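Here is a short report on charged pairs and a pocket. Look at the structure first, then read on.

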Amino acid sequence: MTDIIPHVAELLAPTGAQIELSWQDTCVTFPLIVLSVPSNMAAETSGGDEILTNITVQVDAYTLDKKNTVDLAKSIDAIMTPAGFRRGISQPLTEGELERYMMQYSCTVDFTHQNILI
């Protein structure tokens, strides 16, 4: 199984947002990016080894201001799309005093578990 979250966290580091691997009961600062993997599925196997893996990464961007959230979401998309990720879903949400932009990106990783196929 391929763990792509460390790669995505590294890609998104230039946004300057705090990056968490899942929403935890921890102190956070805003802007905040929360990463999760709703799907990690072997598309092709050979001899019991994964040779192609389809992965969906959910990126939740949080701020306290709607415009800042949209700007952060645009920054995330400007990083993820050229890196080989395909955006499937993007949706702005308001959760109490927080503004959230939820995006899901999918990619296919080759047998080395290091290369995203574009």
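D71 and K67 both sit in helix α2, 4 residues apart, about one turn of the helix. Their side chains meet in a salt bridge, with 2.8 Å from N to O. K67 is exposed, with a relative accessible area of 56%. D71 is partly exposed, at 31%. Keep in mind that this is a predicted model.

Side chains of opposite charge can pair when their charged atoms come close. The structure holds 5 salt bridges. One of them joins R100 and D60, at 2.9 Å from N to O. This pair links distant parts of the chain: R100 is in strand β5 and D60 in strand β3, 40 residues apart. Both R100 and D60 are buried. A network of salt bridges links D60, E95 and R100.

K66 forms a salt bridge with E99, and their closest N and O atoms are 3.5 Å apart. Here helix α2 supplies K66 and strand β5 supplies E99, 33 residues apart. K66 is partly exposed, at 49% relative accessible area. E99 is buried because its relative accessible area, 12%, is under 20%.

## A buried charge without a partner

D110 belongs to strand β5, residues 98-110. D110 is buried yet has no salt bridge. What is the nearest side chain of opposite charge? That is R86, 13 Å away. D110 does have a polar contact of 2.5 Å with the side chain of T112, through its own side chain.

## The largest pocket

The largest pocket holds about 160 Å³ of space. Its lining has 4 nonpolar, 5 polar and 1 charged residues. Among them are D3, H7, V109 and H113.

Key. Residues are numbered from 1 along each chain as its sequence is written. This is a predicted model: local features need pLDDT of at least 70, side-chain atom pairs count only at pLDDT 80 or more; totals for chains, interfaces and linings use all residues. Side-chain values use heavy atoms; hydrogens and water are left out. On a 1 Å grid over the protein atoms alone, a cavity is a set of points where a 1.4 Å probe fits but cannot get out, and a pocket is an open set with protein on both sides within 12 Å along at least five of seven lines; lining residues have an atom within 4 Å of a point. Grid points are joined across faces, edges and corners, and a volume is the space filled by probe spheres set on the points. Ala, Val, Leu, Ile, Met, Phe, Trp, Tyr, Cys and Pro count as nonpolar, Asp, Glu, Lys and Arg as charged, and the others, Gly among them, as polar. Helices (H or I, at least four residues) and strands (E, at least two) are DSSP runs, numbered from the N terminus. Buried means under 20% relative accessible area, exposed over 50%, partly exposed in between (1.4 Å probe, protein chains only). Lys and Arg count as positive and Asp and Glu as negative; His and the chain ends are not counted. A salt bridge is a side-chain nitrogen of Lys or Arg within 4 Å of a carboxyl oxygen of Asp or Glu. A polar contact is a pair of N or O atoms within 3.5 Å; within protein, one must be able to donate a hydrogen and the other to accept it, and residues adjacent in sequence count only if both atoms are side-chain atoms.
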